[in-house]
Every structure is written in C-alpha cells, then in structure tokens.
Amino acid sequence: MKIVILTGAGISAESGLGTFRDEDGLWTQYDLNDVATPEGFARNPALVHEFYNARRANCIASSPNAAHDALARLQQGAHEVTLITQNVDDLHERAGSTDVIHMHGGLMRALCAACGNRWDAAAIMSPDDPCPHCAAKSTRPDVVWFGEIPYAMDTIMQVTATADLFVAIGTSAEVYPAAGLVELAKGDTLELNLEPSARTNAFAARRFGPATEIVPAWVDEVLA
Ligand code: OAD
C-alpha cells in the first residue's frame with residue numbers, strides 16, 4: 001500500500017516544541033509578520049535570527065517521541081511510505097525516518113538569500129554571517145516563510161494524488177497549500193489530531209487524542 005503522511009507541529013508538541021496556533025502557541029507570543037515573512041526579515045534580520053536561534057536551541061534540547069518513533073517503524077515495514085512534514089525540526093530524522101520531505105524547510109540549514117547556496121546552520125546564526133560560497137551577508141534560516149512557495153510541491157502533489165492512503169497528523173489545516181492536500185488525495189484519508197482540524201470534514205475518517213497515543217496505535221494496526 002502507498003501511504004502518504006503529512007505531519008504538523010502537533011506531532012512534536014509532546015517533545016516540548018510549541019505549536020503555533022494552540023493556547024500559548026508561538027503565534028500568540030510573536031507576530032508572524034515580524035519573524036516569518038521575507039518583509040519581516042528585511043526590516044529586522046537580527047530579530048528573525050534571534051527567533052530561529054531560540055527555536056533551534058529548543059529543537060536540539062528535545063528528543064523524538066513515541067509518535068515519531070512509530071512513523072519510523074512504519075517506514076521500515078512492507079508499505080511504501082512517504083513522509084511529508086511542515087515541521088522545521090529534525091525529530092523525524094532523529095527517530096530514524098529517511099527521505100523526509102520538509103515542505104517548510106529546516107532549522108538546521110542555512111540559505112544565502114543572495115546566491116541560493118545552502119549549508120548546515122550554525123547553532124547561533126547572525127545577520128553578519130557571510131555565505132561560504134559568495135561571501136554575501138545575506139544568510140537566512142532555510143525555512144519557508146509566508147508568501148514563499150513551499151519546497152517539493154510537484155513531488156508532494158504527485159505522491160498525494162496517487163496514494164492509497166493519505167494521513168494528516170497534528171496539523172490545524174490553517175496553512176495552505178498543505179491544508180489543501182487532502183482534496184487531492186484520491187485514496188482513503190485519515191486525520192489523526194488532538195482535536196478536529198479546520199479541514200476535518202474533508203477526511204473520510206478521523207481519530208482524536210495525543211499523538212504519542214493515537215499514532216503508535218494506528219501504526220500497530222497498519223503493520224498487523
Ligand atoms: P498549528 O499550531 O497550526 O496546529 C497544531 C495542531 O496540532 C492543532 O490542530 C492541535 O490541535 C494539534 N495538536 C496539539 N498538540 C497535539 C498533540 N499532543 N497530539 C496531536 N495533535 C496535537 O501547527 P501546524 O498545523 O503545523 O509554517 O502549522 C502549519 C504551519 O503554520 C507551520 O508549518 C508554520 C506555521 O506558521 C510556517 O512557518 C511557514
């Protein structure tokens with residue numbers, strides 16, 4: 001069976017990484033226009049680096065949880081599993097997942113806004129960091145901001161349209177194009193989330209609860 005899984009911040013919540021839109025979520029503490037748009041970066045690159053430096057430090061200090069572990073286990077089974085994440089953390093990889101499609105980029109990578117070069121991010125990045133390729137001081141986190149096009153969209157749309165099963169885990173479905181992928185899925189669809197997402201009615205089935213409980217239980221069923 002071809003299974004496509006889309007994860008969001010909810011899968012990393014129990015690893016201690018904040019979500020965006022829940023009570024106490026990051027977007028209740030920061031204005032996303034300041035820290036998650038190209039315009040915000042142009043206005044105040046130091047503030048943007050400070051925000052992502054803090055996210056990176058949290059990520060480094062955290063560990064994958066039972067939900068990340070379960071998806072890595074699923075990838076090792078007999079099914080053809082494509083894992084797409086909106087998350088910029090690396091907890092899927094640290095749980096043992098491979099070929100993870102990071103549609104919103106990753107905290108652990110740096111991108112030169114001048115020449116497009118990418119490299120491993122330093123733990124603490126600053127606006128004065130020169131690009132190792134062209135030396136421009138245009139270094140930014142390799143994360144996709146609002147107003148930018150998510151990565152690998154052609155592949156994502158193609159695998160979603162041809163999947164036997166599309167599963168969304170821990171995402172509020174407030175951000176497009178990720179939120180619209182369920183509409184492309186021609187196979188079965190399942191939502192696994194703490195509570196109904198904005199697109200819950202677009203799924204054929206849904207289960208609610210903490211990711212560390214409902215994801216391992218679902219994976220056990222699929223592998224049985
Ligand atoms: P959100 O913060 O919007 O949504 C998190 C979802 O996870 C909500 O539906 C919660 O109910 C659910 N949730 C919370 N705790 C959970 C738990 N323990 N187990 C299961 N589910 C839980 O995060 P995303 O949907 O990932 O983009 O946000 C999408 C994008 O918006 C992010 O990638 C980011 C953000 O702005 C960019 O920065 C471009």
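## Ligand shell

The shell around the ligand comprises ten nonpolar, ten polar and four charged residues. This description concerns a predicted model. Of the 24 residues around the ligand, those that come nearest are A9, F20, R21, T171 and S172. Domain 1 (1-16 + 64-104 + 150-224) and domain 2 (18-61 + 106-143) each give residues to this shell, so the ligand lies between them.

For G170, a backbone N or O atom lies 3.3 Å from an oxygen atom of the ligand. On its own the ligand has 800 Å² of accessible area, of which the protein covers 94%.

## Aromatic pairs

The count of aromatic pairs comes to seven. F20 counts as partly exposed because its relative accessibility is 27%; W27, at 18%, counts as buried. F51 and Y52 form an edge-to-face pair, with 4.8 Å from centre to centre and 90 degrees between the planes. Both F51 and Y52 are buried.

## Cluster and charged groups

Ring pairs join F20, W27, Y30, F41, F51, Y52 and W145 into a cluster. The charged end of R55 sits over the ring of F51, 4.6 Å from the ring centre. Likewise, the charged end of R140 sits over the ring of W145, at 3.8 Å from the ring centre.

How values were computed:
Residues are numbered from 1 along each chain as its sequence is written. This is a predicted model: local features need pLDDT of at least 70, side-chain atom pairs count only at pLDDT 80 or more; totals for chains, interfaces and linings use all residues. Side-chain values use heavy atoms; hydrogens and water are left out. A residue is near a molecule or strand if one of its heavy atoms lies within 4 Å of it. A polar contact is a pair of N or O atoms within 3.5 Å; within protein, one must be able to donate a hydrogen and the other to accept it, and residues adjacent in sequence count only if both atoms are side-chain atoms. Accessible areas come from the Shrake-Rupley method with a 1.4 Å probe; for residues, only the protein chains shown count as cover. Ala, Val, Leu, Ile, Met, Phe, Trp, Tyr, Cys and Pro count as nonpolar, Asp, Glu, Lys and Arg as charged, and the others, Gly among them, as polar. Domain bounds come from an automatic or database domain assignment. Rings of Phe, Tyr and Trp (its six-membered ring) pair if their centres lie within 6.5 Å; planes under 30 degrees apart count as stacked, over 60 as edge-to-face and the rest as tilted. Buried means under 20% relative accessible area, exposed over 50%, partly exposed in between (1.4 Å probe, protein chains only). A charge sits over a ring if NZ of Lys or CZ of Arg is within 6 Å of the ring centre and within 35 degrees of the ring normal.
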